[in-house]
Amino acid sequence: MMLDGTEDEEKFLAAGIAGLQQNSFYMHRALDSNNLRDALKYSAQMLSELRTSKLSPHKYYELYMRAFDQLRKLEMFFEEETRRGCSIIDLYELVQHAGNILPRLYLLCTVGSVYIKSKEAPAKDVLKDLVEMCRGIQNPVRGLFLRSYLSQVSKDKLPDIGSEYEGDADTVSDAVEFVLQNFTEMNKLWVRMQHQGPSREKEKREKERSELRDLVGKNLHVLSQIEGVDLDMYKDVVLPRVLEQVVNCKDELAQFYLMDCIIQVFPDEYHLQTLDVLLGAYPQLQPSVDIKTVLSQLMERLSNYAASSAEVLPEFLQVEAFSKLSNAIGKVIEAQPDMATAGVVTLYSSLLTFTLHVHPDRLDYADQVLGACVKNLSGKGKIEDKKATKQIVALLSAPLEKYNDIMTALKLSNYPRVMEFLDIPTNKVMATVIIQSIMKNATRISTSDKVEALFELIKGLIKDSDATPNDELDEDDFKEEQNSVARLIQMLYNEDPEEMFKIIETVRKHILTGGPKRLPFTVPPLMFSSLKLVRQLQGQGQEENPFGDDSATSPKKIFQLLNQTIETLSGVLAPELALQLCLQCAEAANDCELEPVAYEFFTQAYILYEEEISDSRAQVTAIHLIIGTLQRMHVFGVENRDTLTHKATGYSAKLLKKPDQCRAVYACSHLFWVDDHDNMKDGERVLLCLKRALRIANAAQQMANAARGNTGSVMLFIEILNKYLYFFEKGNPQVTVAAIQGLIELIMNEMQSDTATSDPSADAFLATTMRYIQFQKQKGGTVGEKYEPIKV
Amino acid sequence: MVLVLALGDLHVPHRAPDLPAKFKSMLVPGKIQHIICTGNLCIKEVHDYLKTLCPDLHIARGEYDEETKYPETKTLTIGQFKLGLCHGHQVIPWGDLDSLAMLQRQLDVDILVTGHTHQFTAYKHEGGVVINPGSATGAYSSITYDVNPSFVLMDIDGLRVVVYVYELIDGEVKVDKIDFKKTSSNQSTQ
């Protein structure tokens with residue numbers, strides 16, 4: 001059915017255009033031969049095409065535009081005619097003889113234009129005549145286009161201030177009156193369209209009306225362009241008349257469009273000064289009108305106006321814009337109890353943006369807005385509607401973006417309350433937005449109070465909510481979330497150690513509620529913040545407080561805290577991490593000369609190793625960390641050091657794979673030789689270690705032979721050789737040239753044996769080692785002398 | 001001219017929130033041909049970020065790395081140079097040049113890049129060059145006090161490598177450079 005309709009329409013349009021073109025051809029011919037009568041005749045025929053009822057507004061417009069172009073030429077002809085002596089008044093009379101009213105009126109408007117230009121009569125008289133004559137067309141589409149034509153041809157001939165048409169008889173008021181009248185009539189026609197035709201075609205009609213709306217709105221635009229319409233005239237005449245028409249027409253489409261049009265077309269300054277009137281009109285509109293959008297757009301415009309220049313801000317204060325808008329919103333919400341939550345929040349969001357722009361220093365206003373929003377949302381529980389939650393997030397993000405400082409946002413007492421309304425996933429999204437804002441602005445959060453407030457706010461990320469457990473969350477998303485909390489912890493800092501310690505305690509309190517899944521993410525950053533504080537206190541000098549350590553923050557206190565914190569991790573699936581952190585603390589305690597504390601941490605690390613780390617690869621890493629850390633510790637007395645060293649070598653020898661054992665054991669050799677401390681150089685025990693490593697390497701060879709039939713690689717021997725050279729150079733008297741020589745020969749034999757496996761990397765290592773020995777020999781001096789006896 | 005970025009020990013998010021902004025603005029995708037990373041990133045986001053700078057990314061495992069599959073050591077050849085990569089917590093004593101030289105001999109490389117100490121160093125010795133690019137974020141270290149964020153850019157050109165070290169000191173990026181030359185592909189670096 002529709003398809004036939006459009007096809008027909010195309011045909012009608014084509015026919016219309018054809019007719020129009022044909023008549024205009026003849027009209028031109030008549031114009032060329034100065035034949036006024038024929039020109040009028042053909043022009044009237046041409047304009048008759050516009051009498052059709054068969055076209056939709058969209059297609060009618062095409063026809064209209066062609067007619068419009070032709071009428072321009074006709075107008076020029078009329079002007080020439082009057083210059084040639086033809087009386088404009090006679091012409092004005094003559095065209096009224098056209099048979100049909102529509103062509104008659106188009107021609108009349110055209111002549112009218114020339115009439116006004118001739119100034120033989122006051123502009124206002126001609127305009128008045130025309131605007132009233134147009135009443136003859138009551139069909140909406142035809143009437144709208146006709147009046148639109150009138151508006152077009154008249155707009156540069158209005159008796160505006162400073163225009164050539166201004167005179168004693170003609171004033172701006174007349175111009176305004178004319179436009180207002182045209183506007184009023186056009187609106188009436190436009191509204192009438194709504195009620196034409198069967199009710200089932202309502203949607204189609206609304207679409208068609210929509211296409212025509214700019215014709216009506218143009219009048220407002222013309223009004224705004226009139227120079228003489230200053231604030232007073234706008235306030236006293238224009239706005240009241242326009243609003244009167246808007247309210248009285250009682251048409252939803254018209255009201256929505258025109259209210260918006262007013263806001264867009266007239267200057268923001270005017271809106272500020274007439275805020276009462278504008279806002280007063282809203283409750284009078286049809287209940288189905290989307291007021292919140294109109295209001296939001298008004299506030300947006302005013303926000304932008306405020307943002308454009310600081311000079312306009314006092315005006316806002318003077319007219320008390322904030323309170324007026326607040327009240328208006330309140331009234332609108334009251335009047336529409338069924339308004340969707342999303343709509344309510346959008347209104348407050350626009351108001352908040354407005355407030356942030358106009359009164360950036362008035363946090364109390366912003367808080368007021370949030371408070372009003374909370375009040376309106378209360379009783380609704382967690383908001384489920386996606387659109388609404390999106391708006392709430394926008395609402396909460398606005399202060400963050402404006403102030404670039406979460407601390408300011410935190411001063412808004414209603415801020416957390418608004419966040420409460422978000423459902424759990426969205427709450428977390430908002431918390432992440434907050435963290436991102438902090439990271440982006442590199443905001444330092446510097447007191448424990450602020451930290452407390454912040455962590456309260458983002459508690460959705462810190463712990464499981466009471467309601468539902470969180471296992472629906474994707475693992476990667478969870479990691480990202482927790483990593484962002486970890487990064488946040490790095491931003492919490494105060495130079496003053498007392499305050500920093502309070503911050504650490506506050507953070508610890510919160511993250512401990514996070515449960516086993518979150519602790520591996522949140523405890524490490526807290527720990528390292530604490531260790532940084534320890535180091536800072538070290539730097540400030542250790543003063544032994546004779547009255548006890550309890551009051552001031554001291555490294556000891558911090559270590560106690562850390563001890564307790566690490567314990568939580570060991571219960572919680574992350575023993576490797578716990579071990580690493582224990583060793584870090586041990587080293588820090590070492591630097592503070594706190595032997596018992598360091599020993600305690602080592603003990604914890606060892607217990608973790610023995611009881612909880614069973615994966616071979618993890619054990620190898622753990623052992624290296626233990627040996628590496630222990631090697632650097634200088635705070636231990638002989639007994640303690642011995643105990644720990646003994647254990648470490650024991651663990652090394654018990655690793656699962658022989659090569660790992662070998663390597664760990666020779667690493668232990670360094671435990672007995674610390675460069676900076678002469679009393680920690682025990683050459684014998686170093687050698688014992690190396691020999692033990694050799695025995696293990698041998699055993700590995702034999703096992704390989706037994707299991708696989710070949711003796712495997714000599715790599716381990718070469719590594720041990722290198723260690724011999726290391727200690728040889730350091731001056732360990734137990735590492736003799738003979739020992740080295742013996743090891744070299746052993747390696748050569750192994751490599752040449754029948755059961756040897758070739759290993760290119762071992763060959764290369766041996767080659768580089770030999771080269772090294774050569775190089776040392778050639779160095780001369782004491783080094784050269786040392787190396788001289790070694791034969792390669 | 002081949003540009004190789006060497007960096008590591010970022011420790012994000014345990015010890016640092018992110019790379020310093022001044023470094024980030026300098027590291028632009030498409031300018032670097034290889035990245036070698038000493039490890040301890042620690043999370044996937046950092047890996048992905050580095051990947052955007054350059055697709056040829058080599059990483060050795062640090063003890064805090066989230067990804068357990070990075071290798072303990074890695075060797076690669078770039079131009080005339082053999083490079084070796086290792087985090088360094090496996091080489092005891094930590095930061096000891098002679099022990100690192102042993103690893104260098106074992107891997108048979110001209111340039112050994114390790115981390116762990118968070119302290120920038122570049123040593124030249126008979127076997128070659130040992131470079132530690134430090135910590136790109138200036139992360140806390142039990143071994144080094146007052147760590148400044150740093151990273152290294154190597155310009156490898158034939159038998160010559162210029163090592164540029166970038167350090168962020170008091171908010172300003174300072175650059176230093178060191179020249180190394182190989183006598184020939186088969187011999188050690190002078």
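Q: What does the accessible surface of chain A come to, and how much of it belongs to carbon and sulfur atoms?

A: Accessible areas come from the Shrake-Rupley method with a 1.4 Å probe, and for residues only the protein chains shown count as cover. For chain A the total is about 35800 Å², and 50% of this belongs to carbon and sulfur atoms. This is a predicted model in which local features need pLDDT of at least 70 and side-chain atom pairs count only at pLDDT 80 or more, while totals for chains, interfaces and linings use all residues. Side-chain values use heavy atoms, leaving out hydrogens and water; residues are numbered from 1 along each chain as its sequence is written, and chains are lettered from A and ligands numbered from 1 in the order in which they are written.

Q: How many helices and strands are there in chain A?

A: Helices (H or I, at least four residues) and strands (E, at least two) are DSSP runs, numbered from the N terminus. Chain A has 38 helices and zero strands, whereas chain B has three helices and 11 strands.

Q: What is the radius of gyration of chain A?

A: The radius of gyration is taken over C-alpha atoms, and the globule rule is 2.2 Å times the number of residues to the power 0.38. Chain A has 46 Å, but a compact globule of 792 residues would have a value near 28 Å. The C-alpha atoms of chain A fill a box of roughly 135 × 70 × 55 Å along the principal axes.

Q: What share of the residues in chain B is buried?

A: Buried means under 20% relative accessible area, exposed over 50%, and partly exposed in between (1.4 Å probe, protein chains only). In chain B, 62% of the 190 residues are buried; in chain A, 53% of the 792 residues are.
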